[in-house]
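Let's take a walk through a protein together, one piece at a time. Have the sequence and the 3D view ready, and turn the model as you read.

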Amino acid sequence: MPPAASSEPLWPLARSLPALTGRGQDRLALHLPAHRRGRGAPGGDPRGLPWHLDLPELPAIGGPLEADGAVAASQRRLAACVGAAHSWYGVNGASGLLQAALLAAVPPGGRVLLPRNLHRSLLHGCVLGQLRPVLYSPPFDTATGLWLPPTAAQLEAWLPRVLASGPLDLLVLLSPTYQGRAAALADLVALAHAASVPVLVDEAHGGHFDLAADLPPAALASGADLVVQSLAKSLGSLAQTAVLHHQGARIAVEAVERSLGWLQTSSPSLPLLLAAERSIAWAWGAAGRRRLGRRLGQAGRLATALRDRGLPLLPSDDPLRLVLATAPLGWDGPAADAWLLERGVIAECPEVLSLTFCLGLGPVRGLARPLGRALAALAMAGGAAPPALAPLPHPDLAEPELAPGLAWRAPSRPLPLAEAEGEVVAEPLCPYPPGIPLLLPGERIGGATVAWLQDLQRRWHGQIADTVRVLA
Ligand SMILES: Cc1ncc(COP(=O)(O)O)c(C=O)c1O
């Protein structure tokens, strides 16, 4: 069923503002933050920042974990829109909400099945919660150096193997990827549920293209138990704003609230909450959805125009992500990024053999010419095509020898990468962006992995250190 469009311009949080920030409201406002609504702003100058909106959890406002107040009403409205049982805003990025979701679903010592291309926040969640990750390797495209979503056939083969070695508390799926590649979530979630395993979807980069097509957000529609979306990556909100959705009875809502309480600030930023609400209210309103639809159409036409110029854009399920394969142009990704940066083209995510550009929700018109010209010039300046990138030489399923939370806290020593074969990793090796750890604490480093990392070190300038920290 398509989600219901919202025609009401103001959602609860925005509606509560005039009464709180109107004339005369601030003279006797003797509360924190200490800038006292901007009257005590540093240097006495409140210009340039929204001090007057930076209010604490006054009763009329409340917070993400309060039952009453405008934030709670806004979250209820959001949950009703997306078809979730519960939704919470987060102001510590998708990272904070992914960690809360992990800790809600997996007890200390419990096992979680995670993709090799996991965002580092999920690793950090395992460390915080003393969880034991099992890593699965989704398909890897050697020509572009990019991960692809796992298939149902792969998951069907992995689940019994993982369950044979002990209980599994959670499956984490990543969809879409940074590059906008979406998984067949419904099939994957159904397989996990059939094995009595709940599912968390890291949908940090998604949600918006379903909305524009008048479809419910993909991860929730697939039946996933917990879903995290970044509103700054998918909608037009401010950095650090994100949402966590919950549905079904596999994970108790009380457990989610408890772990949110552990990990979220006790002073949520109202400007961030307002930005979160506004981005959602806009996207769920009829005008916003029309605009989103137009943006996606324009983005599709931009991609076609660039392809017509012979530029090798990779397939993406998200029209707002333009992914350039750099090898056919004679460049590796980081060098192409540096070359373009000098000419004023700022990509979002350089990887070994690709560059990802994010169109976001800003105007697309007028981009085709300058971007096409810059990329054509990049192609002209290219040299020999760099070779394909072999996948990380990990088995398709692997469990670190030691829990990452133990390994990362254990005494460790630095070791030149060339001498690291046979040692156990103490600290992750994690190029950023995209923030995908290549070595996890607790994993033993094989000789093939050392050789692979040395190759990567030559190709991904400055992103792979010469030394790794291993257990002492
Ligand atoms: C797939 C994925 N998940 C989660 C995150 C974390 O999002 P945030 O930066 O909002 O904490 C990122 C950030 O890049 C990401 O790429």
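**The eight-stranded sheet**

Start with an open sheet of eight strands, whose order is S1-S9-S8-S7-S6-S2-S3-S13 and whose pairing is mixed. At the edges you'll find strand S1 (86-90) and strand S13 (397-398); each has a single partner strand, so one side of each is left without a neighbour in the sheet. Keep in mind that you're looking at a predicted model. What holds strands side by side in general? Strands of a sheet pair through backbone hydrogen bonds, either parallel or antiparallel.

For a close look at one pair, pick out strand S8 (residues 226-230) and strand S9 (residues 242-246). They run antiparallel and are joined by five bridges.

Helix H10 (residues 253-263) lies across S1, S8 and S9, and it runs at about 5 degrees to S1.

**Around the ligand**

Next, find the ligand. Which residues surround it? They are Gly93, Ala94, Ser95, Leu98, His119, Leu174, Tyr178, Asp202, Ala204, His205 and Lys233.

A nitrogen atom of the ligand sits 2.7 Å from an N or O atom in the side chain of Asp202. With His205, it's an oxygen atom of the ligand that lies 2.7 Å from a side-chain N or O atom. For Lys233, an oxygen atom of the ligand is 3.2 Å from an N or O atom of the side chain. How much of the ligand does the protein cover? On its own, the ligand has 390 Å² of accessible area, and the protein covers 88% of that.

**Two crossing helices**

Where they meet, you'll see Trp282, Ala283 and Trp284 from H11 against Ala286, Gly288, Arg289, Arg291 and Leu292 from H12.

**The three-stranded sheet**

There's another open sheet to visit, with three strands in the order S10-S12-S11 and antiparallel pairing. Strand S10 (321-325) and strand S11 (349-351) are at its edges, each with a single partner strand, so one side of each is left without a neighbour in the sheet. On average, and ignoring direction, neighbouring strands here are turned by 15 degrees against each other.

Three bridges join S11 to strand S12 (residues 354-358), and these two strands run antiparallel.

Let's finish with the backbone. Most residues other than glycine have a negative phi, and most peptide bonds are trans. Ser196 has a positive phi of about 60 degrees although it is not a glycine. You'll find Ser196 in the loop between helix H6 (185-194) and S7.

Then there are the cis peptide bonds. One joins Tyr432 and Pro433, with omega at about -15 degrees. Another joins Pro433 and Pro434, where omega is about 10 degrees. Pro433 is in the loop between strand S14 (412-416) and helix H16 (447-459), and Pro434 is found in the loop between S14 and H16 too.

Notes: Residues are numbered from 1 along each chain as its sequence is written. This is a predicted model: local features need pLDDT of at least 70, side-chain atom pairs count only at pLDDT 80 or more; totals for chains, interfaces and linings use all residues. Side-chain values use heavy atoms; hydrogens and water are left out. Two strands pair if DSSP finds at least two bridges between them. Helices (H or I, at least four residues) and strands (E, at least two) are DSSP runs, numbered from the N terminus. Contact means heavy atoms within 4.5 Å. Axes are lines fitted to C-alpha atoms, for helices over the stretch in contact, and angles run from 0 to 180 degrees between N-to-C directions. A residue is near a molecule or strand if one of its heavy atoms lies within 4 Å of it. A polar contact is a pair of N or O atoms within 3.5 Å; within protein, one must be able to donate a hydrogen and the other to accept it, and residues adjacent in sequence count only if both atoms are side-chain atoms. Accessible areas come from the Shrake-Rupley method with a 1.4 Å probe; for residues, only the protein chains shown count as cover.
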